[in-house]
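Please keep the sequence and the 3D view at hand while reading.

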Amino acid sequence: MVTFHRPVDLAEALQVRAETGAIPLAGGTDLLVRHRNWAGTLPRIDKPVVYVGHLQELRRIDISGNGSGPQMTIGASVTYSELLDHPTTPQLLRDSIIELAAPGLRNVATLAGNICNASPAADAACALYALDAEVELAGPSGRRRLPIAEFITGPGRTALNNDELVTAIHLPPDNSTVKFYKKVGTRRANALSKLSLCACARIVDRTVTEIGIAVGAVAPTIVRDRDIEHHLQNTAPEQLALRIPQTLQQYAELIRPIDDQRSTAEYRKHTALALIEQFLTHELR
Amino acid sequence: MREIRFTLNGREVSTSAHPMARLIDVLRDEFRMTGVKEGCGEGECGACSILKDGRIVNSCILAVGMIEGAVLETPEGIAATDRGRAINAGYAEAGAVQCGFCMTGMAVATEALLRQNPAPDEHQIRTAISGNLCRCTGYAMIVDGIKRAAIKGSGLW
């Protein structure tokens, strides 16, 4: 029978995790669905479970300022609804959360759970790639921080060790002036993405100084390529327009979707490239 | 095994159920709150909706160990209030009920919405019930029922 641990604090949670390898449980909207069983029976989970959704250390949103704007530290047990209620949540993340699932799921599901689940179609994770988020982990030897792209290592795979817990997600100041979020799904609520695009840019004096483009559900992990972005930076929007055909060719090589029950590889690739083109052509101004 | 304590429709209660038992099973089988319905069993359809600390949640994908100390309200608890009666009256007047299976969850979603926003527009109503599936009505009469409930219960929220 599955064992349920309800630690009193993070230290005890880490101890349980280190001693038993228990699976962390926050909102449970992935874990309890994946292990669902018949009505009236316990879920089928072959490992103990350590509940962290109630831990005050992980329930906080902290804002720290530096010269370039507010930095946000999102505790691992903060729910999507709490992020929507918070005035500092960046627009791109907010837009992805609004189109994600439905109110009853957003009230329990967490951003940290979304990245630990590491689905290539994770909508909020896609925003975290575009926003240069970092993931904070705690373990027996202390804390460490990883960029989101290093934390997620493959479909359903992360860099989280068996004795570690995700404690927070750090967002640097969001200085973008253009934000573009597009989710392609079967219906508005409760649909997992066929694909999604999260893009942002900073335009100062008619020059694109920074750009971030993340594409979800088109490869084993979310696609973001700094080299391609680098070639688009420090140009005026009209110069940048001349580079679009070459840029799309570069993305076409990175976008390697699959056929599954939600969509086809062909549709995903065509639509993802069309959305990138739309962002570069119509949104950057 | 340790008792799990919580508040259910204003009453302090406890259960000795396994902490990984589904909340929906504990509410229906132990506390006889059969207004909580099981549809999909995976958080998609909203038939099992309840309020946890004032917010709508799906009780089919919560383990009972997760709700220790929480304040829960089921369709039964909501129906016994003036606001619940206004919701029922609004639905009845609009002809919002066909087979009825989704209705208790819809009423919970309506209560959650009107608590946050006593005068919602159509878009806000449709967002609030976006996690509650109805396969009979096409939703138009439910949206109408919620509008009528907001008027009938004006001042209650």
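## Two alanines in loops

In chain A, the residue A:Ala118 lies in the loop between α6 (111-117) and α7 (123-130). The model shown here is a predicted one, and in it A:Ala118 has a positive phi of about 55° although it is not a glycine. Most residues other than glycine have a negative phi. Is A:Ala118 buried or exposed? Because 21 other C-beta atoms lie within 10 Å of it, A:Ala118 counts as buried, the cut-off for that class being 20 or more.

## A buried valine in a strand

A:Val49 belongs to strand β3 of chain A, which covers residues 49-51, and it is buried, since 26 other C-beta atoms are found within 10 Å. Leaving out residues up to four places away in sequence, A:Val49 touches A:Val2, A:Thr3, A:Phe4, A:His5, A:Ala22, A:Ile23 and A:Leu25, and also B:Met20 of chain B. Another residue to look for is A:Thr20, which is 29 residues away from A:Val49 in sequence, while the C-alpha atoms of the two are 9.2 Å apart in space.

## The nonpolar core

How many residues does the largest nonpolar core have? It has 134 residues, and those with the most contacts inside it are A:Val52, A:Ile115, A:Leu128, A:Ala130, A:Cys198 and A:Val215. The largest share of this core, 8 residues, is given by helix α4 of chain B, which spans residues 103-116.

## Chain B as a whole

Chain B has 6 helices and 5 strands, and along the sequence they follow the pattern β-β-α-β-β-β-α-α-α-α-α. Its C-alpha atoms fill a box of roughly 50 × 30 × 25 Å along the principal axes. A compact globule of 157 residues would have a radius of gyration near 15 Å, and the value for chain B is 15 Å, so the two agree. Of the 157 residues in this chain, 53% count as buried. Among contacts in chain B between residues at least 6 apart in sequence, 63% join residues that are at least 24 apart.

## Two domains in chain B

Chain B is divided into domain 1 (4-76) and domain 2 (81-152), whose C-alpha centres lie 21 Å apart. Across the boundary, 13 residues of domain 1 of chain B are in contact with 13 residues of domain 2 of chain B. On the domain 1 side, the elements giving two or more residues are β3 (49-52) and β4 (55-58) of chain B, and β3(B) gives the most, with 3 residues. This side of domain 1 divides into 7 nonpolar, 4 polar and 2 charged residues.

## Where chain B meets chain A

Between the chains, 26 residues of chain B are in contact with 25 residues of chain A. On the side of chain B, two or more residues each come from α1 (23-30) and β4 of chain B, with β4(B) giving the most, 4 residues. By class, this side of chain B has 10 nonpolar, 9 polar and 7 charged residues.

Methods
Residues are numbered from 1 along each chain as its sequence is written. Chains are lettered from A and ligands numbered from 1 in the order in which they are written. This is a predicted model: local features need pLDDT of at least 70, side-chain atom pairs count only at pLDDT 80 or more; totals for chains, interfaces and linings use all residues. A nonpolar core is a set of buried Ala, Val, Leu, Ile, Met, Phe, Trp, Tyr and Cys residues joined through C-beta atoms within 7 Å. A residue is buried if 20 or more other C-beta atoms lie within 10 Å of its own, exposed if 12 or fewer, and partly exposed in between; C-beta atoms are placed from the backbone. Domain bounds come from an automatic or database domain assignment. Two residues are in contact if their C-beta atoms, placed from the backbone, lie within 7 Å. Ala, Val, Leu, Ile, Met, Phe, Trp, Tyr, Cys and Pro count as nonpolar, Asp, Glu, Lys and Arg as charged, and the others, Gly among them, as polar. The radius of gyration is taken over C-alpha atoms; the globule rule is 2.2 Å times the number of residues to the power 0.38.
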